[in-house]
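User: Please walk me through this model in questions and answers. Keep it brisk.

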Amino acid sequence: MGSRQVKLTAVLKDSAGSPISGRTVSFSYKLSSATTWTSAGSATTDASGTASVTVTLTVPNSYDFSASFAGDSYYEASSATVTSYVVKDKTTITLTVTQL
């Protein structure tokens with residue numbers, strides 16, 4: 001088994017679909033077969049409402065990912081989850097040509 005980095009990206013928007021900047025989004029992940037979530041860190045949304053983190057995972061495996069915004073005095077809490085996402089190991093192939 002190897003390891004592979006993946007980038008988790010969330011976009012936070014208000015009810016009108018406008019991006020919300022300057023808010024903290026927390027990310028977590030777990031093996032799809034597990035019950036315990038692991039923090040992948042947090043990031044602040046930019047002007048387009050986007051927040052991203054990078055995490056290194058053991059591959060190949062199936063993972064669940066989650067992004068959450070805790071809410072504040074202006075906006076309700078929200079979250080999104082992606083389940084059973086298979087993170088594949090990279091491969092290489094070697095070709096040899098031999099004259100006969």
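**Strands, core and pocket**

Analyst: F27 stands opposite G41 in β3. This is a predicted model, where local features need pLDDT of at least 70, side-chain atom pairs count only at pLDDT 80 or more, and totals for chains, interfaces and linings use all residues. Residues are numbered from 1 along each chain as its sequence is written, and side-chain values use heavy atoms, with hydrogens and water left out.

User: How many bridges join β2 to β3?

Analyst: Helices (H or I, at least four residues) and strands (E, at least two) are DSSP runs, numbered from the N terminus. Two strands pair if DSSP finds at least two bridges between them. β2 and β3 form a hairpin with six residues between them, and S26 stands opposite S42 in β3. The two strands run antiparallel, and the bridges joining them number six.

User: Which strands are at the edges of the open sheet?

Analyst: The sheet has four strands in antiparallel pairing, in the order β3-β2-β5-β6. Inside it, seven bridges join β2 to β5, with V25 opposite F69 in β5. An edge strand pairs on one side only; here these are β3 and β6.

User: What is the volume of the largest pocket?

Analyst: On a 1 Å grid over the protein atoms alone, a pocket is an open set of points where a 1.4 Å probe fits, with protein on both sides within 12 Å along at least five of seven lines; lining residues have an atom within 4 Å of a point. Of the 26 lining residues, T9, A10, F27, A67 and A80 are the closest to the centre. Grid points are joined across faces, edges and corners, and a volume is the space filled by probe spheres set on the points. For this pocket the volume is about 480 Å³.

User: Is Y74 buried or exposed?

Analyst: Y74 lies in the loop between β5 and β6 (78-87). Exposed means over 50% relative accessible area, with a 1.4 Å probe and protein chains only. Because its relative accessibility is 70%, Y74 counts as exposed.

Terms used. Buried < 20%, exposed > 50% of the residue type's maximum accessible area, 1.4 Å probe, protein only.
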